[in-house]
Each structure stands twice: as C-alpha cells, then as structure tokens.
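Have the picture open as you read.

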Amino acid sequence: MPPSEVHPPKSVAVVGAGSWGTALAHLLASKGYEVRIWGRDADVVESLNRRHTTKYLPGVNIHPSLRATGELTEAVRGASMVVGAVPSQFTRNVFEQVRDHLSHDAIVVIASKGIETTTLMTMSEVMQDVLPFERHGRLCFISGPSFALEVARGFPTVVTVAGENPRIARTVQHWFHAPSFRVYTSYDVVGVELGGALKNVIAIAAGALEGIGAGNNIQAALITRGIAEMTRLGIKRGANPLTFAGLTGMGDLILTCTGQLSRNRSVGLRLGRGDKIDGILKGMDQVAEGVETSRSAYMLAQKESVELPIMEQVYRVLHEGKEIRQAIQDIMARELKAELDYLTSG
C-alpha cells in the first residue's frame with residue numbers, strides 16, 4: 001500500500017494521558033492530525049490544555065493543537081483511530097465504556113503492554129472479548145523499544161504494529177510513521193503482545209540484580225535467558241519464535257532492562273537496595289506493568305506447563321516476599337541442561 005493511497009485519519013482519540021499516551025498523542029498532533037486525549041486526572045487535563053505541558057513528560061512542550069478532556073465518550077466520538085494507552089489491567093473496563101460510542105469504521109490501536117490478571121488474557125484477547133466480532137479485524141497492537149520521553153522529544157524510535165488484517169496494519173503504519181518514528185508491520189499479534197508484556201518482568205529482575213551489585217556477567221545472562229523464556233511461552237501460545245529476536249522481543253527487552261527511564265527496572269533496583277514493594281508502588285505516580293504481569297506470567301506458565309524460572313522467581317520475590325539472593329541461588333542451582341534446549345525447557 002503506497003503512502004499516497006493512505007488517507008490521513010479525520011481525527012484521533014488517545015485514551016490514557018500518562019506518559020506513553022501523551023507521547024503518542026503529541027506525535028500524532030505534530031503530524032497535523034486532530035487529536036483528543038482523555039485523562040482521569042483533572043490537573044493533567046488542565047495542564048495539557050492551558051500550558052501544553054504534563055508532569056509525565058518533563059521539559060516537553062506538547063503540541064498546542066492537542067486537546068485534552070476528562071469525558072471519555074467525548075474523546076472517542078467520531079474518531080477514525082482510537083489509541084488505547086491505559087494500564088493493561090484497566091483496558092477492559094475503559095473499552096467497555098466506549099465500545100458503543102466508537103465510529104463504525106474506527107481502527108483501534110492498543111499501546112498497553114500486559115496480561116490481564118483475572119483472566120490471563122492478552123490485550124488482543126481482552127479486546128476481542130469486549131468488542132463485537134465485526135470490529136476484530138480493525139484491531140492493531142503497537143509495541144517496541146520506545147521510552148515515552150524520548151518519543152516526545154523527537155528522538156529516533158523504531159516500533160512494530162501488529163494486526164491480523166494486513167491492510168489495516170499498513171494503514172496504522174502510515175498514520176504513525178514520522179521522520180523520527182519508524183514503524184514496521186507484523187501479523188504475529190501473539191508474539192508482539194507477549195514480548196511487550198513479558199519483558200517488563202525480566203526488567204524488574206535486571207534492576208534487582210543491579211541493586212544488590214551482582215555484576216555485569218549475570219545481567220547479560222539474564223537478558224539472554226529472558227529472551228529464551230519469552231520465546232518458550234510464545235511458541236506454546238502460537239507465536240512465531242522469530243518475533244522474539246525482533247523489536248518487540250529482544251529490542252524492547254534490552255531497552256527496558258538497561259535504560260535509565262525504565263519504571264520496571266527502577267522497581268527492581270529499589271528492591272535490590274532493600275526497599276519493600278508496597279512502599280515502592282505507593283511512591284510511584286505511574287504503573288510499572290511488570291509487577292502485575294509477573295503474577296499473570298507465573299499463572300499462565302502453570303496453565304500452559306511451560307518453565308519460566310526467571311519469571312517465577314520475580315513473582316515469588318514480588319508477591320511472596322522471597323529474598324532476592326535466595327532467588328538467585330535457586331536459579332543458579334537448577335539442574336544442568338544443554339543451552340539449545342531453551343525452546344523446550346528452562
């Protein structure tokens with residue numbers, strides 16, 4: 001589909017005014033689109049409208065054409081594209097409220113990364129559960145190594161948009177593409193989603209290792225074996241294993257495990273330095289998706305009979321109070337195996 005054949009959206013709605021939602025709204029508004037963004041926080045909405053700033057993206061001047069609202073249905077009404085950027089555990093509730101207000105031809109793009117704790121559904125499964133069947137072919141999912149602050153500042157960023165309908169995926173690709181924002185397409189929705197969700201769990205482990213001063217050797221091993229775990233669960237769920245060697249697997253994992261802007265890595269870092277998880281979470285003004293995803297990943301692994309030793313230990317540290325050093329010892333003491341068995345065992 002040549003760019004000349006893709007008409008720009010009449011209007012765009014972004015649901016969720018956190019850092020990621022606002023960064024995407026700013027990007028799309030900068031392309032000249034009419035963009036509305038919905039946020040729960042009245043102070044954030046006012047700041048976006050009056051000062052064109054937000055506490056979630058310090059130092060960024062938000063595009064002045066962007067309009068924020070606290071009315072959810074007002075935000076989505078008439079939009080050609082609706083971008084969902086609320087935390088994954090709230091995605092179902094939010095789209096249950098707006099599904100009857102979506103335009104009949106609206107494309108829905110989910111930018112949230114996680115697995116629903118109560119159902120163990122990925123975001124695509126949640127959306128297919130919420131929206132009527134005739135809308136399923138107009139769903140896409142965007143993921144990849146992309147810190148919101150860097151996107152908002154115009155730093156070069158490369159991501160992937162996945163969708164089962166090739167024409168819709170290519171349309172979204174062109175709608176998001178910008179000089180500083182390159183977009184690839186994929187039809188492996190399962191792999192793209194699982195990579196985006198599970199890397200947050202591994203990033204908590206990476207932060208914890210740094211926090212206790214475990215060294216660089218184990219960090220490299222963690223990332224490598226983390227990819228193996230993501231791939232193993234992905235294959236069991238029907239994903240293409242090559243997806244995990246791409247932007248939404250290896251790329252996003254490296255960024256989230258090593259980048260200073262990673263919320264999930266920061267949670268692990270503080271855990272490694274001795275802080276308690278309840279206190280860490282109370283002090284955060286945004287969600288670290290990996291905390292709840294660790295629970296979902298552990299439960300999903302049990303359901304699918306897949307070995308995820310790193311993610312299991314993250315779950316036990318976060319939700320059962322296990323000591324980090326004991327978790328490391330337990331992983332290091334596991335039965336010796338051949339490395340290339342990673343697709344079938346941990």
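How many nonpolar, polar and charged residues are in the lining of the second largest cavity? By class, that lining has three nonpolar, two polar and one charged. (Ala, Val, Leu, Ile, Met, Phe, Trp, Tyr, Cys and Pro count as nonpolar, Asp, Glu, Lys and Arg as charged, and the others, Gly among them, as polar.)

This is a predicted model, where local features need pLDDT of at least 70, side-chain atom pairs count only at pLDDT 80 or more, and totals for chains, interfaces and linings use all residues. Residues are numbered from 1 along each chain as its sequence is written, and side-chain values use heavy atoms, leaving out hydrogens and water.

**The cavities**
- Searching the whole structure turns up two cavities of 30 Å³ or more (a cavity is a set of points on a 1 Å grid where a 1.4 Å probe fits but cannot get out, and lining residues have an atom within 4 Å of a point).
- Gln128, His136, Leu139, Phe141, Glu164 and Val189 line the second largest cavity.
- For the largest cavity, H8 (189-211) gives the most to the lining, with four residues (helices are DSSP runs of H or I, at least four residues).

**Glu229**
- You'll find Glu229 in helix H9, residues 216-236.

Conventions: 1 Å grid on protein atoms, 1.4 Å probe; cavity = no way out; pocket = protein on both sides within 12 Å on 5 of 7 lines; lining within 4 Å. Points joined across faces, edges and corners; volume = space filled by probe spheres on them. Helix = DSSP H or I, 4+ residues; strand = E, 2+ residues; numbered from the N terminus.
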